Amino acid sequence: MTVEDAYNDWAAQYDTNKNRTRDLEAVALRTTLAAIPFETCLEIGCGTGKNTEWLVRKALHVTAVDLSAEMLERARKKVSSNKVTFLQADITQPWHFATQVYDLVTFSLVLEHIQNLNFIFEQTAAALKSGGYTYIGELHPFKQYSGTKARFDTEEGRQEVECYTHHISDFVQTATQHGLKLVDLNEYFDTHDKSGLPRILTLLLQKV
Ligand SMILES: C[S@@+](CC[C@H](N)C(=O)[O-])C[C@H]1O[C@@H](n2cnc3c(N)ncnc32)[C@H](O)[C@@H]1O
């Protein structure tokens with residue numbers, strides 16, 4: 001099953017399933033970006049609009065992009081604001097949807113589905129203003145090493161979505177090659193219990 005088909009199937013239950021990764025990443029994004037100023041935001045892989053709701057309250061305009069029509073339909077219903085433009089696009093193809101340069105580009109739980117980080121950071125750097133920020137919130141690679149994957153249950157059984165493991169050094173080194181400098185890195189744990197594996201990795205990068 002393609003990633004697009006998987007999210008089209010998952011969309012109806014994405015917001016209501018028990019999903020600690022989805023919920024903790026929402027906390028991580030809000031914490032990381034609370035003190036970061038931005039007027040324009042490009043949200044990559046907006047899904048059902050979990051973070052769009054919050055981003056649009058801080059920004060003057062948000063462009064929210066996703067591959068899945070079904071995920072986008074739910075986002076459109078959730079976030080009715082004239083400050084947001086929802087677009088369907090595949091970010092593994094050239095980013096023709098980025099028709100301006102932004103103060104902030106965000107990725108929440110998206111890059112695990114992307115094989116080629118180099119292309120993504122190249123497009124991100126081109127879509128950012130000088131001094132602009134990139135936020136990345138991903139399932140922590142330590143969780144991936146231990147076998148955790150994006151998945152959901154259907155009447156036909158458990159569906160796993162195609163995923164790739166990116167090590168922390170992959171993110172930082174590839175970003176650096178495209179002029180995106182690491183300014184903050186954080187790890188979020190279930191119920192603040194630091195004896196287990198961290199669930200969410202966040203990176204905040206700035207275009208130099
Ligand atoms: C786990 S969901 C995360 C949604 C939302 N950001 C959140 O945190 O709840 C991953 C999203 O990435 C989108 N996605 C995956 N591959 C993509 C691609 N190549 N281009 C655009 N969006 C993609 C999926 O359609 C899905 O909505």
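Arg20, Asp23, Leu24, Glu187, Tyr188, Phe189, Asp190, Thr191, His192 and Lys194 line the second largest pocket. H2 and strand E8 (180–188) are the elements that give two or more residues to that lining. Its largest share, 3 residues, comes from H2. By class, the lining has 3 nonpolar, 2 polar and 5 charged residues. The volume is about 180 Å³.

A word on provenance. This is a predicted model, where local features need pLDDT of at least 70, side-chain atom pairs count only at pLDDT 80 or more, and totals for chains, interfaces and linings use all residues. Residues are numbered from 1 along each chain as its sequence is written, and side-chain values use heavy atoms, with hydrogens and water left out.

Now the terms. Pockets and cavities come from a 1 Å grid over the protein atoms alone. A pocket is an open set of points with protein on both sides within 12 Å along at least five of seven lines. A cavity is a set of points where a 1.4 Å probe fits but cannot get out. Lining residues have an atom within 4 Å of a point. Grid points are joined across faces, edges and corners, and a volume is the space filled by probe spheres set on the points. Helices (H or I, at least four residues) and strands (E, at least two) are DSSP runs, numbered from the N terminus. Nonpolar means Ala, Val, Leu, Ile, Met, Phe, Trp, Tyr, Cys and Pro; charged means Asp, Glu, Lys and Arg; the others, Gly among them, are polar.

Next, the largest pocket. Its volume is about 1,100 Å³. It is lined by 49 residues, and Tyr7, Trp10, Glu112, His113 and Ala150 are the closest to its centre. H1 supplies the largest share of the lining, 6 residues. Among the elements that each supply at least two are helix H2 (20–33) and strand E6 (151–154). The classes split into 18 nonpolar, 16 polar and 15 charged.

So where does the ligand sit? In the largest pocket. The test is that more than half of its atoms lie within 2 Å of the grid points.

Around the ligand there are 20 residues, and Tyr14, Gly45, Lys50, Asp66 and Asp90 come nearest. Here, near means a heavy atom within 4 Å. Helix H1 (residues 3–14) gives the most to this shell, with 3 residues. The shell divides into 11 nonpolar, 5 polar and 4 charged residues.

Which atoms make the polar contacts? I mean pairs of N or O atoms within 3.5 Å. A backbone N or O atom of glycine 45 is 2.6 Å from a ligand nitrogen. The side chain of lysine 50 puts an N or O atom 2.8 Å from a ligand oxygen. A polar backbone atom of serine 108 lies 3.0 Å from a ligand nitrogen. Taken alone, the ligand exposes 590 Å², and the protein buries 98% of that. Those areas are Shrake-Rupley, with a 1.4 Å probe.

The whole structure has 1 cavity of 30 Å³ or more. About 40 Å³ of space lies in the largest cavity. Its lining is Glu112, Glu138, Leu139, Pro141, Gln144, Tyr164, His166 and Phe171.

Terms used:
A polar contact is a pair of N or O atoms within 3.5 Å; within protein, one must be able to donate a hydrogen and the other to accept it, and residues adjacent in sequence count only if both atoms are side-chain atoms.
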